[in-house]
Amino acid sequence: PVRTNRERLASLDVFRGFTMFWIVGGGMLMVGLDACGHNLIIDAIVRQLEHSQWTGLHFYDCIWPSFMLMVGVSIPLSLAKRSLTESYRQQLAHAVQRTIVLFLLGSVRESISLGSPYLIELSSALQPIAIASLVAFLVARKSWRFQASLAGIILTANALVLAFVPAPGIPAGSYAFNHNLVHSVDIALLGQHHWDIWPYRNEGWGTVLVIIPAIATTLIGLLIGKLLMTSRSMRSKATIICGMGVGFLIAGFALSPVIPIEMKLWTTSYGLASAGVACLEFTFFFWLVDIAHFRKWSIIVVPFGMNAVFIYMLVSLVSINAGTDIFTRPIAAHLGSAGLLFQASAALGVEWLILYWMMKRKIFIKA
């Protein structure tokens, strides 16, 4: 019989925690380490912890797709557990409720950041996750062929639309900064005022159309989740997921001469390449945690994954660094180049202690 208990989610929690670690402080930790003395390895890691300026693929560009993938992976596992005590209607009600809560949390996060109401913020993580998770739930009971076909159709349609649909004053096939169909649709649907007050308008982030190809990444995760529920051996599952990752990565870069890899537009080549990276990351943790059972180290990152929504909102709304800096700044002033590393470690340590305390007391705040 297929197990559906929490044990099956061990590698998923580690993957989620590892990914969240970089968002809530891991990046600053590496910057602090880099300040202590430059070397090729640390410098390369720090460069990967920044988004690509426009075209290209950095590790940091794959964090958002990794979360989209993880949402898809968790749905079959969660539904298998819920189906023991809930009807489909109850599961649907929960899925809709979760979508609404995540969407509104995204609105709250952005509104507080801007100091004014801001309902739609689709180029951040929470609202795309909200929409994609509902779509994935609605097709979760379909065959894997249907799910794979839907993901393929979405990515193909996205590529064709960007390649052949023009916008006012913008030719079809334009991927230029703030001069493309994605940008034009945002202005048309959300309004110029919405764009003018948006803090990331000078970075070229797309909003509305970006959500559609992002759903495909969640559907890929859904396929992985269904695979994990089968009776195949663990090694066979890892091999298949790894093969998916390699295939997507190759396909994404093979398309890149025609369709640029651009995260901020979520082009089809970017969707494939980033999904490939996410699959390979998950394969690594699946092998390490669930096959090799090498888990003791994971306590470093697991707390970040067990309360991912909570810590994401916390660091977005409360400056933990500002609080810890009050106490660490006097000490850091005497540490020279190691001062930044000390301050970053202190802030990250406080976050970890909060999350570890919550985990040990089984306090899990979820949408």
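Is F137 buried or exposed? With a relative accessibility of 5%, F137 counts as buried, where buried means under 20% relative accessible area, exposed over 50% and partly exposed in between, for a 1.4 Å probe and protein chains only.

The model is predicted, so local features need pLDDT of at least 70 and side-chain atom pairs count only at pLDDT 80 or more, while totals for chains, interfaces and linings use all residues. Residues are numbered from 1 along each chain as its sequence is written, and side-chain values use heavy atoms, with hydrogens and water left out.

**Aromatic pairs**

A pair of aromatic rings is described by the distance of the centres and the angle of the planes. Rings of Phe, Tyr and Trp (its six-membered ring) pair if their centres lie within 6.5 Å; planes under 30 degrees apart count as stacked, over 60 as edge-to-face and the rest as tilted. Across the whole structure, 16 aromatic pairs are found. Two of them are listed here.

| Pair | Centre to centre | Angle between planes | Arrangement |
|---|---|---|---|
| Y88 and F137 | 5.6 Å | 15° | stacked |
| F284 and F285 | 5.2 Å | 70° | edge-to-face |

Y88 belongs to helix α4 (residues 88-114) and F137 to helix α5 (residues 126-138), so their pair ties together parts 49 residues apart in sequence. Helices (H or I, at least four residues) are DSSP runs, numbered from the N terminus. Y88 is partly exposed, at 29% relative accessible area. In the other pair, F284 is partly exposed at 46% relative accessibility, whereas F285 is buried at 4%. Ring pairs also link F284 and F285 into a cluster whose members include F15, W22, F59 and W297.

**Charges over rings**

A charge sits over a ring if NZ of Lys or CZ of Arg is within 6 Å of the ring centre and within 35 degrees of the ring normal. The charged end of R141 is placed over the ring of Y88, 4.0 Å from its centre. K142 lies over the face of F146, 5.5 Å from the ring centre.

N158 is located in helix α6 (residues 144-164) and counts as buried, with 10% relative accessibility. Leaving aside residues up to four places away in sequence, N158 touches P213, W266, T267 and T268, contact meaning heavy atoms within 4.5 Å.

Helix α7 spans residues 181-190, and its buried residues are L181, V182, H183, S184, V185 and D186. At the start of α7, a side-chain oxygen of N180 comes to within 3.2 Å of the backbone nitrogen of V182. After α7 comes G191, which has a positive phi near 95°.

Key. Helices (H or I, at least four residues) and strands (E, at least two) are DSSP runs, numbered from the N terminus. A polar contact is a pair of N or O atoms within 3.5 Å; within protein, one must be able to donate a hydrogen and the other to accept it, and residues adjacent in sequence count only if both atoms are side-chain atoms.
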